[in-house]
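User: Could you take a close look at the aromatic side chains here and walk me through how they are arranged?

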Amino acid sequence: MKKYIPIKKVMKKTAASLAILIMLSCFLLISYSVYLSFSIEKRFSDRRWQIPSKVYSDITLLYPGLKINPTLFYQKIHNLNYRRVTHNPEKQGEIHFTPSGFDIYLKDFLLPGQFRKGFPASFIIEENRILSITGLESGETLPLLELEPEEIMLFFGPEREKRQIVSIEQIPHFLADAVLAAEDRRFYQHHGIDPRGILRAFITNLRHGEIRQGGSTLTQQLAKNYFLTPERTYTRKLKELILSVIIEIQYEKPEILEIYLNEIYLGQKGSISINGVGEASYFYFGKPVAELTRAEAATIAGLIRAPNAYSPYIDPDRCKERRNSVLTVMHEKGWISKSQLETALSENLSPVGYFVSGKKAPYFIDYLSGQTGDLYDTEALSSLGLSFYTTMDTQVQTAAEQALERGLSRLETANPSLLREASDKRLQGAIIVMQPQTGHILAMVGGRNYSESQFNRATQAKRQPGSVFKPFVYLAALDGFSPASMLSNEPKAYEVDGKVWDPQNFEEDAETVVNMRTALTKSYNLATIDLALKTGLDKIVAEAAGFGFSTPLKPYPSLALGAYEVIPIELATAYCAFAADGMLPFPLSLTDVLDENDNAIERRHTNIEQVTSPEKVFIMNSMLQSVATEGTARSLSGWGITWPVAGKTGTTNNTRDAWFVGYTPNLLALVWVGFDNGDPIHATGAGAALPIWADLMNAIPQYQTGEWFRQPRGIVKKIICTESGQLAESRKCPEQKEEFFLENNVPDKYCELHGKQGAINKMIKGIKDLIQTD
């Protein structure tokens with residue numbers, strides 16, 4: 001007989017089970033909510049976004065009298081995101097070109113210890129020279145003006161997101177209204193979940209049998225972007241709903257809106273994600289968010305639904321249609337008036353445009369990264385929003401890159417045997433441009449194409465310097481010799497490590513006896529070896545070591561001809577001492593580091609060391625100027641270099657390397673040309689490297705000051721006989737020349753070839769010859 005359980009008992013057990021299940025579910029839901037609450041609090045209280053650190057160039061000084069290269073100068077203005085307008089500039093970042101120059105409304109900019117408020121200024125330019133700068137508000141003539149640093153790189157994290165954080169106070173109210181009109185009209189009425197929106201989405205999804213619409217509130221979108229994956233499932237949707245409610249409980253509406261407006265994805269610039277309205281404002285309209293018009297605000301708001309589909313860069317018509325739809329909703333909600341709607345609808349859609357450039361100054365950036373890598377790891381660089389201010393002059397950098405490519409292509413065209421099919425075998429080059437007084441690196445090019453080769457020949461290559469090393473031999477000799485000292489230029493064989501070394505001059509019919517100035521001017525190898533041996537090879541090694549060469553230099557005769565390898569950046573730095581009164585600077589690429597709040601956290605100062613005397617380098621500068629006017633670099637004038645420069649060419653055995661280092665008191669540039677594997681280039685330093693140097697200098701007229709080195713007190717000028725190197729007899733020496741001497745090394749004898757002593761010497765020689773004949 002079956003036993004029946006009373007229905008009341010069954011219902012009682014069922015109710016109890018349901019109660020336990022409900023209690024357990026509530027407990028789990030509450031526990032999960034508490035967990036999510038702590039997660040939200042931690043996420044929002046910590047760093048909310050990974051802000052890539054930025055690298056900036058140096059500022060640009062402008063003043064009346066400054067010469068400019070129009071192409072590079074106006075490219076810099078463009079790179080600084082100044083917007084061209086047809087009216088007088090009214091807002092920061094606007095520029096208006098006039099028949100006589102341009103008017104510009106400068107932007108605010110902040111440097112460590114310096115803030116410059118933006119203001120309008122007028123430039124008068126004639127024949128590529130700034131004639132005057134006038135402040136448009138004050139009417140005063142300005143003696144000096146600074147252009148803000150140019151952004152040259154960002155250290156991105158894996159997401160490659162770019163954003164400019166803005167506060168809710170900086171955002172125009174009509175931009176916030178436009179976003180709400182486009183995405184969440186009931187934002188201020190709901191508590192994270194909008195039942196109407198959910199019902200609408202549920203019906204749509206049920207009709208299609210799949211999730212086609214989210215019905216998400218702005219808070220839900222924020223929860224999804226911050227905490228969840230983009231998958232479209234009911235489980236993820238449930239998490240999204242819970243997160244939204246918790247966010248609304250923990251945070252006020254204005255803060256939620258601020259976070260959302262800084263987080264939202266709004267487009268793509270190449271591989272870079274444009275996030276937040278602050279960055280989108282610059283990307284689409286080239287202006288800060290506070291300066292947006294209502295139409296521009298509606299355009300940005302309309303992008304949120306599908307940034308790439310509605311992008312003004314991809315589909316302007318669709319973008320405008322979406323913009324107008326947002327504006328219409330704003331009017332319907334009473335957020336803009338009828339007249340404001342009509343004005344906004346009639347406004348043209350005018351995005352500023354953009355271009356995706358390759359990595360700017362990649363070899364310079366690699367060098368900078370090497371210097372900062374010890375201080376900041378990759379994660380810090382990609383997330384802390386640091387600002388690195390460098391020494392780079394972007395106009396010089398661009399000119400150097402272009403000059404190197406033109407020069408190498410010119411060599412290949414003139415000599416097709418230099419062409420190589422494999423990209424890693426191509427003819428290469430390097431350029432380093434520095435300020436001698438400070439060691440600031442203005443430009444660095446480590447190869448002709450970074451995408452093909454990341455090897456930085458400017459800082460990593462070790463190459464024989466050839467004759468560009470000779471000035472250090474001559475400098476070491478100045479303690480006992482002078483530019484007038486006579487040297488043997490006759491062929492001579494030397495035994496080195498049991499082997500015969502038989503050096504030769506490049507010119508076969510060179511004079512057999514020359515003075516020291518001529519030897520350096522004409523780059524005579526034999527006379528240089530004679531000088532080196534008389535000076536002492538150990539002394540030369542010690543002298544050169546003081547200039548910071550890290551590569552080994554050995555006391556062999558071939559040292560005098562640059563047989564031992566050097567690193568180009570070290571060679572350029574060493575030459576800086578000639579242009580800086582004997583002060584050797586440290587090569588500097590970084591000046592300041594600021595945190596995300598623009599507080600200085602590190603400053604790099606110029607570090608210099610006295611390595612030789614101003615008197616010695618003055619004599620060296622004089623002799624190296626002779627190289628440029630009379631010697632191996634005399635072709636400079638044919639390349640348009642008409643202002644005074646000092647320099648030295650260099651060519652190694654079998655023309656494996658071609659060099660030119662040239663400088664003035666305010667600028668130094670080194671150029672190297674060669675193959676990585678040491679193949680001959682069939683050209684000298686004067687034929688391969690010098691034209692590149694000249695091309696670069698002609699492209700940066702702002703550094704062509706025409707100044708020359710001042711003569712220090714310890715220098716004496718005397719007239720000498722060029723044949724004897726002694727003091728000239730006023731009427732008897734046929735070739736006389738003024739020469740510089742150290743005050744403790746002035747010749748004290750008059751010419752023994754043409755003076756009284758010369759006549760006596762000739763008489764004695766004649767008697768000896770007569771006796772020998774008898």
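Analyst: Happy to. Phe469, Phe472, Phe547, Phe549, Tyr575, Phe578, Tyr663, Trp708 and Phe709 come together as one aromatic cluster. Please keep in mind that this is a predicted model, where local features need pLDDT of at least 70, side-chain atom pairs count only at pLDDT 80 or more, and totals for chains, interfaces and linings use all residues. Numbering runs from 1 along each chain as its sequence is written, and side-chain values use heavy atoms, with hydrogens and water left out.

Across the whole structure, the search gives 26 aromatic pairs. Here, rings of Phe, Tyr and Trp (its six-membered ring) pair if their centres lie within 6.5 Å; planes under 30 degrees apart are stacked, over 60 edge-to-face, and the rest tilted. One of the pairs is Phe73 with Phe102, tilted at 40° with 6.1 Å centre to centre. This pair links distant parts of the chain, 29 residues apart: Phe73 belongs to helix α2 (residues 70-79) and Phe102 to strand β5 (residues 101-105). Helices (H or I, at least four residues) and strands (E, at least two) are DSSP runs, numbered from the N terminus. Phe73 and Phe102 are both buried, meaning under 20% relative accessible area, with exposed over 50% and partly exposed in between (1.4 Å probe, protein chains only).
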